[in-house]
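Colleague: Could you walk me through reading this structure? I would like to start with charged side chains.

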Amino acid sequence: VRRVESLPFLSPSLGQTLTEPAIFAKETSCECRAPHEKLSIAQARLGTPADRPVRVYADGIFDLFHSGHARALMQAKNLFPNGYLIVGVCSDELTHKYKGFTVMTEEERYEALRHCRYVDEVVRDAPWTITADFLEKHKIDFVAHDDIPYSSAGSEDVYEHIKEAGMFVPTQRTEGISTSDIITRIVRDYDVYARRNLQRGYTAKELNVSYINVRTVSRLSMRSREPRLRTAHIEKKYRLQNQVDRMKEKVKTVEERSKHFVYRVEEKSHDLIQKWEEKSREFIGNFLELFGPDGAWTYGPDHATLVILLQCAQIPRAPALTGFRRLTKVLACGTEGNRDAMGLRVPSAVERTTATGRPAH
C-alpha cells in the first residue's frame, strides 16, 4: 500500500494510508496547523510548499453516492498540485427542508464520503450556504462546484458571494448519471423491483405495499411482459395517488382557513357587543341627564333597570325625527301649544303625579 511520507505541520490525514477512511472535521476548531496565508488561484496552481497544502472545499447532499459524485470530487482533489479536499455533507434536516427527502440517511451519506479515495476530511451537518465564519474556521482556500447557478433558500445562486470573492473553482458535471436518474429508473420499473424483493424474502409490510398491490404486481408481471402496459398501470396508480394527496392538502388548507375565519368572527363579535354596551350606557346616561326629574339623573351600574325605564317613557314618535333629534326638539319647542302641534306632547305635572304617585318637581 502506498504511503504518503509524514511531514511536519501538514493537514491531519496526509500521513495516513489509503486503507483508512477520511477523518471527520472537529466541530469546535480546525486541526490543520499549517501556515494559512491567503492564496490566489494562480499561486495555488503554481504549487505550494509541502507544509502549506491548498485546502479545497466541496459540499453537497451525495445521496445514493455514484460515479458522478466521485468524478466531481476527483476533479476537486486534483485542482492544485498540493490539494487537501474537505467535503461538507448537509444533514437530513436541512436537505428535507430545502431540497426534498433522501433515500440514504445522513449517517449513511457521511460514511459513503469517508470511504471515497479522493476525500481527506468530512464535515458533518455542513451549512446550506457557506459563510465567512465557516471559511475561516476550516481554513478554506477555495470552493469547488460545477459552474451552473444553484438557486435555493431564496437565492438565485448560493455560490455567488464565493465567486465574487475569487474563491470559486468550477468542476465539470458527469452527464448521464445523477441521483434523480437512479430514482427515476426505480420508480419507472417499480413492479419489477417489487417482485424481485418479494422473491428475495421481503414482506409486503417492509415494502410498504398492500396485499392487493402485491397480487396486482405479480399478476401483471406474469401475464404481461410489455413494459408499456406496466408503465401505464404505474402511471394510473400514481396519478390517482397524487389526486388523493392534493385533495388532502386542500381539505387541510380549508380547515386551517375556517378556523382562522371563525376566530376572527368571534373576536369581531365580542368587540361589537362591548361597543354596543358602551354606546347604550352613554345614550341612556345622556337621556337621563336631560329628562330626569331633577334635570340630571345619577344612575348606577344597573343597566337592565335603566333600559326598562327608558322603554317606559311614553314620548310619541314624530315624523322625520328620531333619537336625540326627536327628544331634544321638546326643549326647543317653547310653549305647550307648539309641542302639541309637532306631536311631541309632554305630560303635565298633574299627569306625571298621577302616573308615578309622586309629586312632580
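Modeller: Aspartate 157 and lysine 163 form a salt bridge, with the closest N and O atoms 2.8 Å apart; the term means a side-chain nitrogen of Lys or Arg within 4 Å of a carboxyl oxygen of Asp or Glu. This is a predicted model, where local features need pLDDT of at least 70 and side-chain atom pairs pLDDT 80 or more, while totals for chains, interfaces and linings use all residues. Residues are numbered from 1 along each chain as its sequence is written, and side-chain values use heavy atoms, leaving out hydrogens and water.

Colleague: Is aspartate 157 buried or exposed?

Modeller: Aspartate 157 is buried, at 9% relative accessible area (buried is under 20%, exposed over 50%, partly exposed in between, with a 1.4 Å probe and protein chains only). Lysine 163 is partly exposed at 26%.

Colleague: Which salt bridge joins lysine 163 to aspartate 147?

Modeller: Their side chains meet at 3.5 Å, N to O. Aspartate 147 lies in the loop between strand 5 (142–146) and helix 6 (160–164), and lysine 163 in helix 6, so the pair ties together parts 16 residues apart in sequence. Helices (H or I, at least four residues) and strands (E, at least two) are DSSP runs numbered from the N terminus.

Colleague: What about phi?

Modeller: Most residues other than glycine have a negative phi. Leucine 64, not a glycine, has a positive phi of about 50°, and sits in the loop between strand 2 (54–60) and helix 2 (67–77). Aspartate 125 also has a positive phi of about 50°.
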